[in-house]
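Here is a friendly briefing to read alongside the sequence and the coordinates. Keep the viewer open and turn to each region as it comes up.

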Amino acid sequence: MAYRVLGRAGPPQPRRARRLLFAFTLSLSCTYLCYSLLCCCDDLRQSRLIGAPSCLRGPSTGGQKLLQKSRPCDPPGPTPSEPGAPSAPAAAVPAPRLSGSNHSGSPKPGTKRLPQALIVGVKKGGTRAVLEFIRVHPDVRALGTEPHFFDRNYGRGLDWYRSLMPRTLESQITLEKTPSYFVTQEAPRRIFNMSRDTKLIVVVRNPVTRAISDYTQTLSKKPDIPTFEGLSFRNRTLGLVDVSWNAIRIGMYALHLESWLQYFPLAQIHFVSGERLITDPAGEMGRVQDFLGIKRFITDKHFYFNKTKGFPCLKKPESSLLPRCLGKSKGRTHVQIDPEVIDQLREFYRPYNIKFYETVGQDFRWE
């Protein structure tokens with residue numbers, strides 16, 4: 001059959017049909033790609049608005065290179081807003097840890113602080129009694145043992161010293177007792193370096209009686225030591241007292257006080273009478289409380305005089321329990337000393353006592 005050739009009449013050519021099909025397919029692909037990009041951008045915008053992690057849904061083949069650095073979203077599933085959709089289990093959130101709490105979960109009350117007050121002396125003067133009496137006060141927390149930090153353990157550092165202290169509230173005073181501080185040459189400077197505001201308590205006693213008490217304690221531990229007279233004198237006939245013996249040297253209060261006054265004013269040092277602590281414990285402890293700046297909580301209602309020990313014992317006014325006395329080593333009977341030896345020692349201490357009275361402004365009446 002013959003065809004007429006009239007312009008573009010006649011059946012379409014195969015090449016033209018292929019071009020039309022390619023154009024149509026390309027148009028559909030571009031439309032789908034644009035739609036995918038719009039959806040992804042909308043997902044990103046919504047995620048940022050609600051604070052969810054950024055992610056993109058699976059891209060089409062055409063957009064693979066563009067989106068390959070984005071983290072794919074979780075697999076599609078029902079959302080909580082859809083009816084009948086199961087609610088996702090809530091993620092477990094660990095409970096916050098409380099700083100400073102113990103293993104039981106409850107925080108320990110108070111803080112360990114360096115002491116604001118120290119009982120620095122003297123040995124066998126009545127320091128244990130003052131410590132036990134003042135611990136009754138609710139505004140005072142005291143270390144029960146003697147840490148000997150400023151004489152024997154200074155090299156351990158203040159952090160070690162602080163770790164020994166009881167925990168105290170902001171309104172409470174931390175206190176410790178080490179009687180040997182008073183006769184330690186380096187102690188005043190070391191305490192001053194810790195805090196120049198430290199309050200110092202010194203319990204003093206008739207130096208002759210104190211020396212005999214010191215010897216009695218040593219004798220109970222070492223029965224083979226020389227006699228009191230033999231240790232007290234280098235030459236008893238000439239009246240030469242051996243000041244190298246510690247029991248004698250401690251009682252030279254005026255000599256030791258000079259070192260403390262180089263660092264602390266007298267107003268920062270309180271002197272307790274060991275004798276009045278026995279005869280009038282409430283009065284002496286009242287003055288200690290005044291010195292520490294706390295109310296007079298400890299009164300005569302807290303004391304009971306034990307005639308057997310010759311010493312006051314503690315009692316709680318509201319309690320029916322028996323009074324609590326100091327240990328067996330307190331109030332023990334002194335060894336008998338030759339009265340002439342006592343007179344010689346009194347004469348030796350007299351100038352030191354007078355100087356001590358004048359310095360502190362108190363007459364302890366030891367003569």
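**Around helix α5**

The buried residues of α5 have a cover that includes β2, α4 (158-164), β6 and α9. Please keep in mind that this is a predicted model. In the protein chain there are 12 helices and 11 strands, and buried residues make up 36% of its 367 residues. Of the contacts in the protein chain with a separation of 6 or more, 67% are between residues 24 or more positions apart.

**The buried face of α5**

- Which residues of α5 are buried? They are A187, P188, R190, I191 and M194.
- Viewed down the axis of α5, these buried residues fall within an arc of 165°, so they line one face of the helix.
- One of these residues, I191, is touched by V120, a residue that comes up again in the next group.

**The nonpolar cores**

- The largest nonpolar core has 30 residues, and the members touching the most other members are V120, F150, W260 and F356.
- At least two residues of this core come from each of β2 (117-121), α5 (187-194), β6 (199-204), α9 (253-261), β9 (269-273) and α12.
- Helix α9 gives the largest share of this core, with four residues.
- Leaving aside residues up to four places away in sequence, V120 touches T178, P179, S180, Y181, F182, I191, L200, I201, V202 and W260.
- There is also a second, separate core of 25 residues, with I119, I134, I173 and L175 among its members.

**Where α6 meets α12**

- A pair of packed helices is described by the angle between the two axes and the distance between them.
- For helix α6 (residues 207-221) and helix α12 (residues 339-360), the angle is about 125° and the axes are 9 Å apart.
- Angles from 65 to 115 degrees count as roughly perpendicular and those over 145 as roughly antiparallel; α6 and α12 are therefore oblique to each other.
- On the α6 side, the contact is made by P207, V208 and I212, while α12 brings I342, L345, R346, Y349 and N353.
- How do the residues of this contact divide into nonpolar, polar and charged, and how many are there of each? Six are nonpolar, one is polar and one is charged.
- N353, which lies in helix α12, counts as buried at 3% relative accessibility.
- Not counting residues up to four places away in sequence, N353 touches P207, W366 and E367.

- S232 lies in helix α7 (residues 228-232) and is buried, its relative accessible area being 0%.
- Apart from residues up to four places away in sequence, S232 touches L240, V241, D242, W245, I248 and L345. L345 also takes part in the contact of α12 with α6.
- E170 lies in the loop between β4 (167-168) and β5 (173-177), and with a relative accessible area of 70% E170 is exposed.
- Although E170 and G110 are 60 residues apart along the chain, their C-alpha atoms are separated by 7.4 Å.

**Backbone details to check**

- The peptide bond from G121 to V122 is cis, with omega near -5°. You will find V122 in the loop between β2 and α3 (127-134).
- H148 is not a glycine, yet its phi is positive, at about 50°. H148 has its place in the loop between β3 (140-142) and α4.
- Is H148 buried or exposed? H148 counts as buried, at 11% relative accessibility.
- R365 is not a glycine either, and has a positive phi of about 55°. R365 lies in the segment after α12.
- With a relative accessible area of 68%, R365 is exposed.

Notes: Residues numbered from 1 in each chain as written. Predicted model: local features only at pLDDT ≥ 70, side-chain atom pairs only at ≥ 80, totals over all residues. Heavy atoms only, no water. Axes fitted to C-alpha atoms, helices over the stretch in contact; angles between N-to-C directions. Parallel < 35°, antiparallel > 145°, perpendicular 65-115°, else oblique. Contact = heavy atoms within 4.5 Å. Nonpolar A, V, L, I, M, F, W, Y, C, P; charged D, E, K, R; others polar. Core = buried A, V, L, I, M, F, W, Y, C linked by side-chain atoms within 4.5 Å. Buried < 20%, exposed > 50% of the residue type's maximum accessible area, 1.4 Å probe, protein only. Arc of directions from axis to C-beta.
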